[in-house]
Amino acid sequence: MRNDFLINTDSACFVRDETAIKTANYTSRHRSSSTKSGDRFASNMSDAEKIAQTKNLLDRAIAYAWHTVKSDHRPPTLTSTRWVWRLAGAYHFSRHTSRLMEEAAQRFAASGRQSLAQWAKQKAREEAGHDRLALLDIQSMGYEAEAVVQALVPSAATVAVDYFIQSVEAINPINCVGHSYASERLGTFQGEEYIQSVEALLPPGTHATRWLRIHTGVGAEVKHIEDTVEIVAEMTLEDRICVARACYETALLRFTPPKEGYISDEELQNVLKPLELNTCLQVGTNFQKLKK
């Protein structure tokens, strides 16, 4: 599941050290500390210190999820065909984000949490149309994009979206903040080198990394996670713990291999072969439709 969402899990950003694991487990071991005392301590810190401490907490929660899974079950080697599979997963995940963030904004506003409502509205605007980028990428690979995403629905996408929906529909939708941070933070572990390695697998002249570029360290994700950290740093200790737990749970879903195993190259070929675009004219026509 982990690489179905274009995550480079071999990144050196995942430090294998017990200190990181123990600190990431903060959410379950510091319940005995009162929220008020934690907030008094935070009030004595500078804004920069609070932001650094908050980012450290959230990142360690993600690292803890990585160590929790400890799976030797590696995903299949990436190929141009398998890239279409990953783009299908990206589409299914992206197409819900704006709608769910709009709903989260309404729920936050209804409970009087205006700063979080504004954050969620901003996220909805930032993520609008990203599902279309995934479709354009699939189209560029030479397939009928709409048909591909109907035929290919990776379980990784389904599980992640289900968690996102549950987070937003909860009485307190605070978990959607952790879900957003973890998803975007994992994207920042990839950079230009990874993008170029994907492009090297694709047929010459193929432009199928639009979605990827937006969701990596060379896109807007770095700024997005900075904005999220700032909003989390101003929360109560109790809410920060909730956000950190959601980071852990989201990352855990992303790192855990699918129970049914990975789809084989043969299965992929059997699904995709009938969905190939037949002529250059079709490619141009459908490309223009997707852009509208």
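First, the ground rules. This is a predicted model, where local features need pLDDT of at least 70, side-chain atom pairs count only at pLDDT 80 or more, and totals for chains, interfaces and linings use all residues. Residues are numbered from 1 along each chain as its sequence is written, and side-chain values use heavy atoms, leaving out hydrogens and water.

Start with helix H10, residues 155-169. Helices here are DSSP runs (H or I, at least four residues), numbered from the N terminus. Which residues of H10 are buried? Ala156, Ala157, Ala160, Val161, Tyr163, Phe164, Ser167 and Val168. Buried means under 20% relative accessible area, with a 1.4 Å probe and protein chains only. Seen down the axis of H10, these residues fall within an arc of 155°, so they line one face of the helix. That arc is taken from the directions from the helix axis to the C-beta atoms. An α-helix has 3.6 residues a turn, so residues three or four places apart point the same way. The buried residues of H10 pack against H5, H6, H11 and H15. Contact means heavy atoms within 4.5 Å.

Next, H7. Its buried residues include Leu116, Trp119 and Lys123. They pack against H6, H8, H11 and H14. After H7 comes Gly129, with a positive phi near 85°.

Last, a pair: H5 and H8. Their axes, lines fitted to C-alpha atoms over the stretch in contact, come within 8 Å and cross at roughly 160°. That makes H5 roughly antiparallel to H8 (over 145 degrees). Among the contact residues are Val84 and Leu87 of H5, and Ala134 and Leu135 of H8.

Technical notes. Buried means under 20% relative accessible area, exposed over 50%, partly exposed in between (1.4 Å probe, protein chains only). Helices (H or I, at least four residues) and strands (E, at least two) are DSSP runs, numbered from the N terminus. The expected span of a helix is 1.5 Å times one less than its number of residues. Axes are lines fitted to C-alpha atoms, for helices over the stretch in contact, and angles run from 0 to 180 degrees between N-to-C directions. Angles under 35 degrees count as roughly parallel, over 145 as roughly antiparallel, 65 to 115 as roughly perpendicular and the rest as oblique.
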